[in-house]
Structure formats: structure tokens, C-alpha cells
Amino acid sequence: MSRKDDFEKGLANRRAVLGDAWVERSLSRATSFTAEYQNMITRYAWHDIWSRDGLARKSRRMMVLAVTLSLARWEEFELHVRAALTAPDDSRLTPDELKEVLLQNAIYAGVPAANTAFNLAQAILREVADDIGYDLAAADPRQADLFGDEPA
């Protein structure tokens, strides 16, 4: 397989995960300064890693969300939240699955990072809720129990 083949296969993965519009926008912004970097990440990240059989694409999505949250890489986090919620295939995360990823990472990455992540994710969820058939309804935190315990 040639490096060009690796690029094209990586590009197909990148499109499948992030969507055509995002990828086209990213590629159209490439310059003589950034084109080699775009080529490298498309081949290595999107082909060599995202093409591996060891994990399902949905698991990879969750891992990317966890890492970008932990590292406070908010632009990447937002990109991957939107892509995860609107994916056209079985790698799509439900809002409840996204919430679980954020709750899990609140413990390991910290509450300040989780605060930002929940705020950013909720803003994106507001934008896509109708498109994905999700009712983002008001709720009372006093009535929300993470573990479902009844008061004594």
C-alpha cells in the first residue's frame, strides 16, 4: 500500500467520523506551511489508528472525548461532541452515553474541566436536539439522583 493510499483511506475515516463539511473546511485551510501536517495526521491518526480493528469506532469516540476533556482541548472536544451526537452510523453516541463519559471524567479529570465540558456539550446538544430527536427538558437538580436512591 502506498502513502497516497494511506492518505485516501485516512481521509475516508476522517470524513466518516467528523463529517464531510468539517473535513472539507479543514483541507481548504491548508497552506504550504500546514499541508504536510494535514497529510501526516490523515495518514497516521485517521488511517493507522482509526482503521485498527482493536476497538469499535464508538469506543474510540468516547476515548477522544475523555482525552480532549482531560487536556482542556475545547475546540477538539466540541468538534468530537458534535460528530459523536450526529454520526450517521452505529458509532453515534446518545446524549445519555455522552453524559456518562462526562460524569466518568469529572472524577478523573476534575470538576472544573467537567463543568466546561458539560456547558459546551449542552450548548451543542441544544443545537442538534431536534435533528437527533432528543428532548432537552428542564430538570430540578434536587430531584436528580445519580444513583437513583430514594430519600430515607
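Buried means under 20% relative accessible area, exposed over 50%, and partly exposed in between (1.4 Å probe, protein chains only). The model is predicted, with local features needing pLDDT of at least 70 and side-chain atom pairs counting only at pLDDT 80 or more, while totals for chains, interfaces and linings use all residues. Residues are numbered from 1 along each chain as its sequence is written, and side-chain values use heavy atoms, leaving out hydrogens and water.

On to the salt bridges (a side-chain nitrogen of Lys or Arg within 4 Å of a carboxyl oxygen of Asp or Glu): the structure holds eight of them. One joins Asp96 and Lys99, at 3.7 Å from N to O. Both sit in helix 6, three residues apart, so about one helical turn separates them; helices here are DSSP runs (H or I, at least four residues), numbered from the N terminus. Lys99 is partly exposed at 39% relative accessible area, and Asp96 is partly exposed at 44%.

Asp89 pairs with Arg57, the closest N and O atoms being 3.8 Å apart. Asp89 lies in the loop between helix 5 and helix 6 and Arg57 in helix 4, so this pair ties together parts 32 residues apart in sequence. Asp89 comes out partly exposed at 30%, as does Arg57 at 23%.

Then there is the nonpolar core (buried Ala, Val, Leu, Ile, Met, Phe, Trp, Tyr and Cys residues joined through side-chain atoms within 4.5 Å). The largest one has 17 residues, and Leu85 and Leu98 are among those with the most contacts inside it. Helix 7 (111-132) is one of the elements giving two or more residues to this core, and its seven are the most.
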